[in-house]
Amino acid sequence: FVIWAKAMAVAAEGGSMQALQQQYLRALRSVIPPLTHASHKGMAGRIGVIGGSLEYTGAPYFAAISAMRAGADLGHVFCPEGAAPVIKGYSPELIVHPILSGQCSESTDAIRQWLPRLHALVVGPGLGRDPTIFKTVRSVIDAAKEQEKDIVIDADGLFLVTSEPDTVAGYERVILTPNPVEFQRLYEKVLGSEPSAAGDFAEQTKTLAASLGNLVVVRKGQVDTISDGTQVVQCSEKGSPRRCGGQGDLLSGTVGLFAHWARIAEQQLSASSGISPLLLAAYGGCFLVKKCAELAYHKHHRSLLTGDMLLEIPTVFQTVLEPKP
């Protein structure tokens, strides 16, 4: 009887989470702005990416171009001078600013003047771990917080946050997107103990988010677990068994865009579902990337690359997020 009761409890919990995911999916569809001839450039989103280095130029490209493929009008990349020509060469669609440097005051001032034009900021893709660059990035994050920007932090940006949690602690307009290893390091830094590998991921994610002042944490995995320290939602779409580099960059870029769309619809969300804009943005990015991974894997199997997933974004919008009647 005890085993049966536990099985029933697990089944009930799974059914409840599935219902919650459906609620989030409906909310996500509701915040996607319609395409109209009355729109003008920039209305659908101006997303900035702080990242890139001599070694890593693909990551900021994927973050910015995924936001544009999903519907952003403009994608800005702020990177070191040496990385700029390579990133520019990937795509003429992106606006590339070679102004991220270890000259903290000068670089921060140059980037700060662009912040009022941006709807959301993605920090970390391809950033590297140069301490002088980190000092500048910390300063840019502070400037973005002063202007109440929504900020998505991934990759080497998470290394900075793990080293200095007060960079974001208490600022609720932040979404952190750690993989399991990054999550473990950040959890241990903030909570003082390692999370149990056999523990409750939902409870661990909720605890970490709450301990950082109720920002949003996305623990990436086979099932993505998302929490703002109060609510928890999971994304259990099938995804792909391929773990090629760059997939997290697609996530951070699309989450940045969805943060802008959800923020526009904040009052609507509050009245209709009570869903937090940034929780919805995080769920939306997880859902879109997993769906793209599933479709691309079906076509390419072992040869799947992140660029293949990028090309599936229109299909997911047309068939799932914006299906025609």
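Helix α7 spans residues 180–191 in this predicted model. Its twelve residues reach 16 Å from the first C-alpha to the last, close to the 16 Å expected at 1.5 Å a residue, where the expected span is 1.5 Å times one less than the number of residues. Helices (H or I, at least four residues) and strands (E, at least two) are DSSP runs numbered from the N terminus. In α7, the residues E182, F183, L186 and Y187 are buried, that is, under 20% relative accessible area, with exposed meaning over 50% and partly exposed in between (1.4 Å probe, protein chains only). These four lie on the same side of α7, because they cover an arc of only 130° around the axis; the arc is that of the directions from the helix axis to the C-beta atoms. The cover over the buried residues of α7 includes α6 (156–163), β6 (174–176), α8 (201–211) and β7 (216–219).

Residues are numbered from 1 along each chain as its sequence is written. Local features need pLDDT of at least 70 and side-chain atom pairs count only at pLDDT 80 or more, whereas totals for chains, interfaces and linings use all residues, and side-chain values use heavy atoms, with hydrogens and water left out.

Helix α9 (residues 247–264) has 18 residues and reaches 26 Å between its first and last C-alpha, close to the 26 Å expected at 1.5 Å a residue. This helix is mostly covered, with 15 of its 18 residues buried.

Helices α4 (residues 104–112) and α5 (residues 131–146) pack at an angle of about 40°, their axes 9 Å apart. Axes are lines fitted to C-alpha atoms, for helices over the stretch in contact, and angles run from 0 to 180 degrees between N-to-C directions. On the side of α4, the contact (heavy atoms within 4.5 Å) is made by C104, S107, T108, I111 and R112; on the side of α5, by K135, T136, S139, V140 and A143. The residues of this contact divide into four nonpolar, four polar and two charged.

Two residues were noted for their backbone angles. Most residues other than glycine have a negative phi. N214, in the loop between α8 and β7, has a positive phi of about 65° although it is not a glycine. N214 is partly exposed, with a relative accessible area of 29%. H301, likewise not a glycine, has a positive phi of about 50° and lies in the loop between α11 (277–300) and α12 (306–310). The relative accessible area of H301 is 44%, and H301 is partly exposed.

Note on methods: Nonpolar A, V, L, I, M, F, W, Y, C, P; charged D, E, K, R; others polar.
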